[in-house]
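Q: Can we go through this one together? I'd like to start with how helices pack.
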Amino acid sequence: MAKYIHGYIPEEQERLLDQAGVLAPLIYPWIDFSECNHVLEIGSGVGAQSHILLSLYPDIELSCVEIEKKQVKKAKHNLTQFIDRKIHFLNQDASKLELKKEVDGVFVCWVLEHLSDPLAVLSKAFENLSREGVIFLTEVFNSSFHYYPQLPGLSKYYKVFNDYQRSLGGDPDVGLKLGNLLKEAGFSNIELHRGGFHLDQTQPHELQKICTYWKGLMKSGAEAIIEEGLISREEVLEMEQDLDKITKHPEGVLYYQFIQAKAKKP
Ligand SMILES: C[S@@+](CC[C@H](N)C(=O)[O-])C[C@H]1O[C@@H](n2cnc3c(N)ncnc32)[C@H](O)[C@@H]1O
């Protein structure tokens, strides 16, 4: 696989589990696979979202497609409690996806931002979905990130992080494009939804929780960015300190929107 901003070290694999837990209350209320028998999860990573899907939908069969072997191995480990469920782990590139049978649901979360050709993956999802099948996507819109007070360490790091993602062929604003991409892939009944957070000192615990989560997300790119010589260890620390300042500042604000999309195969 091409270079991947988050990497596959154990800390990152653990972060994906934390991330899924912290963001689940924001993501899942809009998602509904209750009419589905067999859901395909694209870019299933270490099984963090698979765990939630299997818990929310106790009757579904789940096919997890993941390009990186290390993630598949970890996902198998993380999902051992579902040993009696029908789960298939497919170590494949989703842009060349081959399934033995059609599915009636597709789930994609935090994956398309890493791809130079997200349409190829959506087209494969379309191909492998039955008629009337549904797809749910949750993706980043990183330009929506705002915070207060202005902090140069965080500001610089965020720019470098997103520029690096673009230099790898990814798109940190891919969420904005979900509707058009789904349309181009052949889907119909496309609906878009904005999710995210707007936190300040009226919710200090939530503000602190999400600042801590955000620190982990930012740090997940640190080793790659340092290795490329784009940022120093001191600047990573400065970014972390700036996020701590937001939690303590009487006028601290953290704002971010991700985009969700739902569509059907006609
Ligand atoms: C940020 S992680 C998200 C994992 C999971 N969806 C979650 O929310 O916990 C993105 C995952 O997509 C995988 N991925 C990237 N490109 C892929 C491709 N072409 N086919 C399948 N998986 C891919 C990566 O290896 C990584 O595990």
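A: Start with a term: a crossing is right-handed if the near helix is turned clockwise from the far one by less than a right angle, and left-handed if anticlockwise. Keep in mind that this is a predicted model.

Q: Which way does helix 7 pass helix 9, left-handed or right-handed?
A: Helix 7 passes helix 9 in a right-handed crossing. The axes of helix 7 (residues 204-219) and helix 9 are 9 Å apart, at an angle of about 170°.

Q: What does that make helix 7 and helix 9 to each other?
A: Roughly antiparallel, because angles over 145 degrees count as that.

Q: Which residues of helix 7 and helix 9 make the contact?
A: From helix 7, they include L207, C211 and W214. Helix 9 brings V236, M239 and L243, among others. By class, the contact has 8 nonpolar, 2 polar and 4 charged residues.

Q: And helix 5 with helix 9, at what angle do the axes cross?
A: Roughly 120°, and the axes of helix 5 (residues 152-167) and helix 9 (residues 233-248) come within 7 Å. Helix 5 and helix 9 are therefore oblique to each other. The crossing of helix 5 with helix 9 is left-handed.

Q: Which residues of helix 5 meet helix 9?
A: P152, G153, L154, K156 and Y157.

Q: New topic: how many residues surround the ligand?
A: There are 20, and the closest are Y8, G43, E66, A94 and C109.

Q: What lies 2.8 Å from a nitrogen atom of the ligand?
A: A backbone N or O atom of C109. For I67, a polar backbone atom is 3.2 Å from a nitrogen atom of the ligand. In the side chain of Q49, an N or O atom is 3.0 Å from an oxygen atom of the ligand.

Terms used:
Residues are numbered from 1 along each chain as its sequence is written. This is a predicted model: local features need pLDDT of at least 70, side-chain atom pairs count only at pLDDT 80 or more; totals for chains, interfaces and linings use all residues. Side-chain values use heavy atoms; hydrogens and water are left out. Axes are lines fitted to C-alpha atoms, for helices over the stretch in contact, and angles run from 0 to 180 degrees between N-to-C directions. Helices (H or I, at least four residues) and strands (E, at least two) are DSSP runs, numbered from the N terminus. Angles under 35 degrees count as roughly parallel, over 145 as roughly antiparallel, 65 to 115 as roughly perpendicular and the rest as oblique. Contact means heavy atoms within 4.5 Å. A residue is near a molecule or strand if one of its heavy atoms lies within 4 Å of it. A polar contact is a pair of N or O atoms within 3.5 Å; within protein, one must be able to donate a hydrogen and the other to accept it, and residues adjacent in sequence count only if both atoms are side-chain atoms. Ala, Val, Leu, Ile, Met, Phe, Trp, Tyr, Cys and Pro count as nonpolar, Asp, Glu, Lys and Arg as charged, and the others, Gly among them, as polar.
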